[in-house]
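Me: I've got a protein model open and I'd like to learn how to read it. Can you walk me through a few features?

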Amino acid sequence: MKPIVQISLDLTNIDEALETAAMALRAGVDWLEAGTPLILAEGLHGVRKLREAFPKTPIVADLKTMDGGYLEAEMMAKAGATHVVVMARAHEETIKCVVRAGKDYGIGVMGDNLGCPDMVAGAKFLEDLGCDYVIHHIGYDERRGISSAGKPMPSPLDQLKEVVSAVKIPVQAVGGLSLEQAIQCPKLGAPLVVLGAPLTIDADAFKTADGDLEASLRKICAAIHAQ
């Protein structure tokens with residue numbers, strides 16, 4: 001698939017999220033993500049507000065679903081989400097429920113392999129159960145905790161080649177990537193590029209980063225779309 005740029009709205013205020021989303025779309029971003037902090041703070045209301053403001057833009061609801069899969073996906077679909085996220089560490093019946101809801105409501109299902117003992121096997125497991133996309137994800141706490149213990153910080157690039165080779169569905173690499181690394185993801189076989197903490201968001205405060213974010217995003221989007 002052609003490269004897609006997704007911005008993760010990892011904010012806790014819907015007004016700031018709407019402002020950031022509008023700026024991102026002006027800069028060339030393709031998809032919006034209602035990040036987990038935004039969903040925790042604003043819930044379905046936040047997704048509805050995004051859909052009202054941006055009626056034609058794909059919206060990913062990063063639910064990180066672990067149980068109650070059908071209901072969670074159904075609720076977000078009815079609120080206006082076009083994609084939902086389910087975790088590989090959930091029971092396979094939960095993943096199947098999310099996949100079934102995806103078919104019933106015409107939304108995409110993104111399976112997240114965060115925390116899997118075998119990340120490659122986790123990605124394949126998600127594909128086999130019917131997910132439409134794989135999120136190859138090294139978590140925020142995982143990265144920071146390992147680094148603070150004096151060990152090398154893990155990166156999704158460490159096994160990205162193996163994950164891409166293991167599945168036939170599109171892959172997204174998430175977790176502590178630098179701007180340069182994120183821009184290179186399509187060339188590495190991961191066409192869904194997510195920009196979020198710490199690229200465009202202050203990861204510790206969950207607020208928009210300082211500086212001319214729109215100009216920076218425009219350059220980043222152009223570089224990714226050119227591949």
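Predicted model: local features only at pLDDT ≥ 70, side-chain atom pairs only at ≥ 80, totals over all residues.

Me: How many disulfides does a search of the whole structure find?

Reply: A disulfide is a covalent bond between the sulfur atoms of two cysteines. The test here is a pair of cysteine sulfur atoms within 2.5 Å, and the search finds zero.

Me: Is cysteine 221 buried or exposed?

Reply: Buried means under 20% relative accessible area, exposed means over 50%, and partly exposed is in between (1.4 Å probe, protein chains only). Cysteine 221 is buried at 1%, and cysteine 116 is buried at 11%.

Me: Which residues make up a nonpolar core, and how many are in the largest one?

Reply: In soluble globular proteins, nonpolar side chains tend to be buried together. A core here is a set of buried Ala, Val, Leu, Ile, Met, Phe, Trp, Tyr and Cys residues joined through side-chain atoms within 4.5 Å. The largest has 64 residues, and Leu50, Met76, Val84, Ile95 and Leu217 have the most contacts inside it. Helix H1 (residues 14-27) gives the most, with seven residues. Helices (H or I, at least four residues) and strands (E, at least two) are DSSP runs, numbered from the N terminus.

Me: What does methionine 76 touch?

Reply: Contact means heavy atoms within 4.5 Å. Leaving aside residues up to four places away in sequence, methionine 76 touches Ile39, Leu44, Val47, Ala61, Leu63, Ala81 and Val84.

Me: What kink is there in H2, and where is it centred?

Reply: A bend is the angle between axes fitted to the seven residues ending at a residue and the seven starting there. In H2 the kink is about 110 degrees, centred on glutamate 42. The buried residues of H2 include Gly43, Val47 and Leu50.

Technical notes:
Residues numbered from 1 in each chain as written. Heavy atoms only, no water.
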